[in-house]
Amino acid sequence: MSTFTRNSTSTSTGSTSDGKNGTMNGTTDGTLNATTTEADRRPRLSGMTWLVWRQHRAAFWTILAATALSVAWIVYQRGQLVDFLDGYGYPGKSLDEAGGRLQLYSDAFSFVSTGLQAIPILLGVFLGAPLIAGDLENGTAKLVAAQSMSRTRWLATKLALAGLVVVVSTGVLSAVFGWWWNPVKSEVSVMDWTSGAAFNTTGPVPVALSLFSVFGGVAIGVVLRRTLTAMVVTFGFTVVLQLVWGHFLLSLGNVATVTTNKGVTGENGFPSLPHGAYQIDQSYVTGSGDLVGWGTCSGSQTDAARQVCLDKADVVGWSVQYLPMSQMNAMQWFGASILLALTAGVVAFFFFWGRKRLV
């Protein structure tokens with residue numbers, strides 16, 4: 001009797017233990033399978049994309065982190081600006097009467113815009129120049145060329161990832177900076193829209209400038225094949241690019257002209273320009289429609305003598321050339337299209353000539 005009981009107990013215990021083990025094993029296996037399936041569903045980089053990202057991840061993450069911090073600071077500054085404008089009573093009250101209270105916000109715009117204008121230079125020097133020059137210098141390019149992966153795919157992946165990081169970072173900064181500036185966009189006292197501080201930091205221009213600077217730096221690196229030398233030359237290239245771009249900036253617009261025939265000294269003699277318009281030039285206009293310099297008769301000693309001189313020259317009014325602020329977006333897209341076309345030319349150079357020098 002007791003023996004049966006012991007055996008039964010032992011058997012029962014063994015069965016129970018086996019049942020528990022079976023349950024635990026089943027649960028564990030199910031959990032592992034579910035976890036593995038969930039992990040497999042997560043997007044992962046692989047192949048050449050993973051290799052390029054891992055090789056340059058320090059530069060890519062630094063750029064993205066700096067972008068995130070800059071965006072946070074700009075959002076904070078915009079909140080401060082809006083609070084000031086609401087408390088001041090703008091646009092009901094002119095900001096010309098704000099005096100020193102506006103200077104703090106103008107300085108903030110100046111500081112940030114200076115940093116944003118430096119981004120194409122920094123990206124060209126520290127991302128573009130070493131991107132391939134480093135691989136050519138340390139022999140990585142030869143190693144890649146010896147693998148089954150083609151040089152064309154390797155080069156395309158490098159350019160695509162670098163270009164994506166540049167577009168995302170500069171595009172976000174451009175949008176956020178424009179959003180910050182928008183409440184006072186028409187106020188020249190805050191920031192003139194024709195200056196590089198505004199024109200080169202909003203819209204598509206910073207994206208196009210940065211892409212051209214980075215890919216130009218890559219091309220320089222491919223030609224020179226030395227990282228440090230390429231960085232120095234790229235710095236000079238990007239600085240010259242900024243200077244040339246600033247010189248031709250105003251030529252991107254269509255100059256408008258307005259004339260008057262009510263004299264030049266009367267209260268309503270000078271033409272009224274649209275708010276925010278940038279004046280390019282002004283001249284006197286004669287009765288026959290000819291233009292004479294606005295300095296004509298400036299040597300007259302008295303107002304009466306000056307009027308006699310103007311009457312003798314048959315001056316009847318003013319002729320003023322200007323760029324309306326409404327052209328800003330069109331000018332930016334036109335300029336950006338030129339820069340992107342140049343960038344496409346540089347990319348074509350990579351694939352039709354530079355590709356042969358990757359070993």
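In which loop does Arg225 lie? Arg225 lies in the loop between α8 (205–224) and α9, the elements being DSSP runs numbered from the N terminus (helices H or I of at least four residues, strands E of at least two). Although Arg225 is not a glycine, its phi is positive, at about 65 degrees.

The model is a predicted one, in which local features need pLDDT of at least 70 and side-chain atom pairs count only at pLDDT 80 or more, while totals for chains, interfaces and linings use all residues. Residues are numbered from 1 along each chain as its sequence is written, and side-chain values use heavy atoms, with hydrogens and water left out.

Confidence is expressed as pLDDT, the predictor's confidence in each residue on a scale from 0 to 100; its mean for the protein is 83, and 82% of the residues reach 70 or more. Helix α9 (residues 227–248) has the highest confidence, at 95, whereas helix α1 (residues 2–41) has the lowest, at a mean of 45. Over residues 1–28 the pLDDT stays under 50, and for this stretch the model has 0 contacts beyond four places in sequence, a contact meaning heavy atoms within 4.5 Å. Residues 34–39 also have pLDDT below 50, with 1 contact in the model beyond near neighbours in sequence. Where pLDDT is low, the predicted coordinates should not be read in detail.

Two further backbone features are found in loops. Pro91, in the loop between α3 and α4, is joined to Tyr90 by a cis peptide bond with omega near 10 degrees. Asp314, in the loop between α10 (303–312) and β4 (315–323), has a positive phi near 60 degrees, again in a residue other than glycine. Asp314 is partly exposed, with a relative accessible area of 39% (buried means under 20%, exposed over 50%, partly exposed in between, with a 1.4 Å probe and protein chains only).

The largest pocket has a volume of about 480 Å³. On a 1 Å grid over the protein atoms alone, a pocket is an open set of points with protein on both sides within 12 Å along at least five of seven lines, and lining residues have an atom within 4 Å of a point. Of the 20 lining residues, Ala66, Ser70, Ile119, Leu122 and Leu173 are the closest to the centre of this pocket. Two or more lining residues come from each of α3 (57–88), α4 (103–138) and α6 (151–181), with α4 giving the largest share, 9 residues. The lining divides into 14 nonpolar, 6 polar and no charged residues, where Ala, Val, Leu, Ile, Met, Phe, Trp, Tyr, Cys and Pro count as nonpolar, Asp, Glu, Lys and Arg as charged, and the others, Gly among them, as polar.

Definitions and conventions
On a 1 Å grid over the protein atoms alone, a cavity is a set of points where a 1.4 Å probe fits but cannot get out, and a pocket is an open set with protein on both sides within 12 Å along at least five of seven lines; lining residues have an atom within 4 Å of a point. Grid points are joined across faces, edges and corners, and a volume is the space filled by probe spheres set on the points.
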